Amino acid sequence: MKLSQLDGLMAFWKVAEHRGFTAAAADLEVSPSALSQAIRQLETRLGVRLLNRTTRSVSLTEAGHAYLARIGPALGQVIDAGEELHVLQGRPAGTLRLNAARISTALVLQPILAGFLQEHPYVQLELTNDEGFVDIVEKGFDAGIRFGESIHRDMVAVPIGGPVAVAVVASPEYLRRIPAPRHPDDLVRHNCVRFRFAATGAIYKWEFEVDGRPVDYEITGNLTISDTMFGLEAALEGVGLAYTFEQLARPYIRAKRLKRVLTSFSPTFPGFYLYFPSRHDQPSKLKALIEYVSRRTSCTEHNLAALKAALSMQRAH
């Protein structure tokens, strides 16, 4: 086998993995045309078509499926061997694929991205934002980030970012038109921005703490969204009340572009989790992220504990 043939094997493997040329080309850092040419040369050498190509999709032929079953494990071992050499040198490496909703990206992932990538320069992070809950194993992701209550029980979950506080907000203009609610029961008189789960089609019920117990409220409104970040934008435009997180709303509240309501009824949730399949031999790139997240979360929890202790001492004096 000529050395150049390995390019064709890797090209075919990546196109089969991504089910398309654009994503595969980005993964291999080559142009889609170069990738297509490499696969054509491979098919010519083998004397068989491996891929069915249309203007919209790419799929494996029967021969392609059989060929992938033989070469896939071997190429995976080659890549793993390269990563193991980096590990021996103390350098986690490889492409780390994460799946997360936009809101979890904004709240807990974005603040740590730069530090993680600087600490691990041989890791290439590939992030896919997805509002629906996906099977990360089936879709080929190394890990995901979601609320703890959304994670399947067969996954291992590590806290990331700490607890998050809910904030119900509206623009001053909206609250001039309709007086602010004093109790969650008052929401029946308000236009609330609703969120529909992509996976189930269900409308999210707003959760509050009333008389020391959690209560869910079915809300009404003339805007329903499936992007968790857009609720804040709608509130800024005066559409109605939005159910979001205090951390996201804080800059707009300080700038007096939004007002917070129902504060005493708004709960605090445990927060987001980095989750991944339960395996004994995690790849070094994922181990590095788990360790980094755990370290940052521990620091955050320590700082919160110290702040609470300081406030207690202040009150005592």
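So, four charged residues to begin with: K14, E17, R97 and E126 are linked in a network of salt bridges. Keep in mind that this is a predicted model. Why would side chains like these pair up at all? Well, side chains of opposite charge can pair when their charged atoms come close.

Let's pick one link out of that network. The side chains of R97 and E17 form a salt bridge, with 3.9 Å from N to O. That still counts, because the cut-off is within 4 Å. Now look at where the two partners sit. R97 is in strand β3, residues 94–100, and E17 is in helix α1, residues 5–18, so this pair ties together parts that are 80 residues apart in sequence. Are the two partners buried or exposed? R97 counts as buried, at 9% relative accessibility, while E17 counts as partly exposed, at 38%.

Okay, next pair. R295 and E119 also meet through their side chains in a salt bridge, and here the N to O value is 2.7 Å. R295 belongs to helix α9, residues 284–316, and E119 belongs to helix α5, residues 102–119, so the parts being tied together are 176 residues apart in sequence. R295 has 32% relative accessibility, which counts as partly exposed, and E119 counts as partly exposed too, at 36%.

E246 and R250 make a salt bridge at 2.7 Å, N to O. Both lie in helix α8, residues 246–254, and they are 4 residues apart, about one turn of the helix. R250 is partly exposed, with 30% relative accessibility. And how many salt bridges does the count come to? It comes to 11.

In soluble globular proteins, nonpolar side chains tend to be buried together. In this model, the largest nonpolar core has 60 residues. Which of them touch the most other members? Those are W206, F208, L241 and F272.

What is F272 in contact with, leaving aside its neighbours within four places in sequence? Among its contacts are I103, L107 and V108, then I145 and F147, and also V158, I160, V164 and F245.

Key:
Residues are numbered from 1 along each chain as its sequence is written. This is a predicted model: local features need pLDDT of at least 70, side-chain atom pairs count only at pLDDT 80 or more; totals for chains, interfaces and linings use all residues. Side-chain values use heavy atoms; hydrogens and water are left out. Helices (H or I, at least four residues) and strands (E, at least two) are DSSP runs, numbered from the N terminus. Buried means under 20% relative accessible area, exposed over 50%, partly exposed in between (1.4 Å probe, protein chains only). A nonpolar core is a set of buried Ala, Val, Leu, Ile, Met, Phe, Trp, Tyr and Cys residues joined through side-chain atoms within 4.5 Å. Contact means heavy atoms within 4.5 Å.
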